[in-house]
Amino acid sequence: MDLSRLVIASKNEHKIVEILDVLDSIGLDVELVRDADWPDVAETEATLEGNALLKARSVRAETGFAVIADDTGLEVDALDGAPGVRSARFSGAHATYEGNVDKLLDVMDGVANRSARFRTVMVLIDDNGTELVVEGVMNGSITNERRGNNGFGYDPVFLVGDRTFAEMPTAEKNAISHRAQALRALAGELAAN
Ligand code: IMP
């Protein structure tokens, strides 16, 4: 695997910071390209892997740099794995974090089985165009109400142990999160190649 200058195919600053934080902590020495730009990529595939590959290939084609792209879904057992690949648009086409969490709390009202997981599929395309696909999973459960102010997205209602992701300091979430686990899997693959 050949990696020098790398683009993170996301406009979500929370995600970029998390990814950089983990890359740094696992000692992966890459130069992040911050000024690259690309048109938004519609997440039209039916799977997390499909969307992550779509994003990675499109940003690679636009920028010519090595690329990391990810797609994450929240899978709730009582909802047969929903919202899953539709997590970003759970409450509609113009969904917000707020609206998505409201909808989740609403559909989970009175539901006893609250187990859920975040799943991240992460794709790396290196300088030579070689593709790597890895996955990270974080098990938890859905609270009955919002707790905490850190993080983003579904963090205030995703419980791990006795705290939600939004109640954990950022560094603590980043050490254990689905994205961190996917990045560690990526680092393991890179070390093996
Ligand atoms: P995407 O991978 O950016 O498309 O994320 C899909 C949806 O999951 C979005 O609504 C995000 O807000 C949410 N999401 C992704 N990662 C996290 C996370 O680490 N915590 C909470 N919500 C997340």
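Which of the 15 residues around the ligand come nearest? I began my notes with this question, and I found that Lys15, Thr72, Asp155, Lys173 and Arg179 come nearest among the 15. I keep in mind throughout that I am reading a predicted model.

**Entry 1: the ligand and its polar contacts**

I looked up the N and O atoms that face the ligand, and I started with Thr72, where a polar backbone atom is 2.8 Å from an oxygen atom of the ligand. Tyr154 contributes through its backbone, with an N or O atom that lies 3.1 Å from a nitrogen atom of the ligand. I then checked how far the ligand is covered: taken alone the ligand exposes 480 Å², and the protein buries 93% of that.

**Entry 2: the shell around the ligand**

I sorted the shell by class and counted 5 nonpolar, 4 polar and 6 charged residues. When I asked which elements supply at least two residues of this shell, I found strand S3, which spans 66-76, and helix H5, which spans 178-192.

**Entry 3: the largest pocket**

I looked up where the ligand sits, and the ligand turns out to sit in the largest pocket. I recorded about 900 Å³ of space for the largest pocket. The lining of this pocket is made of 31 residues, and those closest to the pocket centre are Asn12, Lys15, Glu43, Lys55 and Ala88. The elements that give two or more residues to this lining are S3, helix H3 (97-107) and H5, and the largest share, 5 residues, comes from S3. By class, I noted 12 nonpolar, 8 polar and 11 charged residues in the lining of the largest pocket.

**Entry 4: the second largest pocket**

Among the residues that line the second largest pocket I wrote down Val7, Ile8, Ser10, Lys11, Leu32, Arg34, Asp37 and Trp38. Strand S1 (5-8) and helix H1 (13-25) are the elements that give two or more residues to the lining of this pocket. Its lining has 7 nonpolar, 1 polar and 4 charged residues by class.

**Entry 5: backbone geometry**

I placed Asp80 in the loop between S3 and S4. I also found that the peptide bond from Ala82 to Pro83 is cis, with omega near 0°. Pro83 itself is found in strand S4, which covers residues 83-84.

How values were computed. Residues numbered from 1 in each chain as written. Predicted model: local features only at pLDDT ≥ 70, side-chain atom pairs only at ≥ 80, totals over all residues. Heavy atoms only, no water. Near = heavy atom within 4 Å. Polar contact = N/O pair within 3.5 Å; in protein donor to acceptor, adjacent residues only side chain to side chain. Areas by Shrake-Rupley, 256 points an atom, 1.4 Å probe, with all protein chains shown as cover. 1 Å grid on protein atoms, 1.4 Å probe; cavity = no way out; pocket = protein on both sides within 12 Å on 5 of 7 lines; lining within 4 Å. Sits in = over half its atoms within 2 Å of the grid points. Helix = DSSP H or I, 4+ residues; strand = E, 2+ residues; numbered from the N terminus. Nonpolar A, V, L, I, M, F, W, Y, C, P; charged D, E, K, R; others polar. Points joined across faces, edges and corners; volume = space filled by probe spheres on them.
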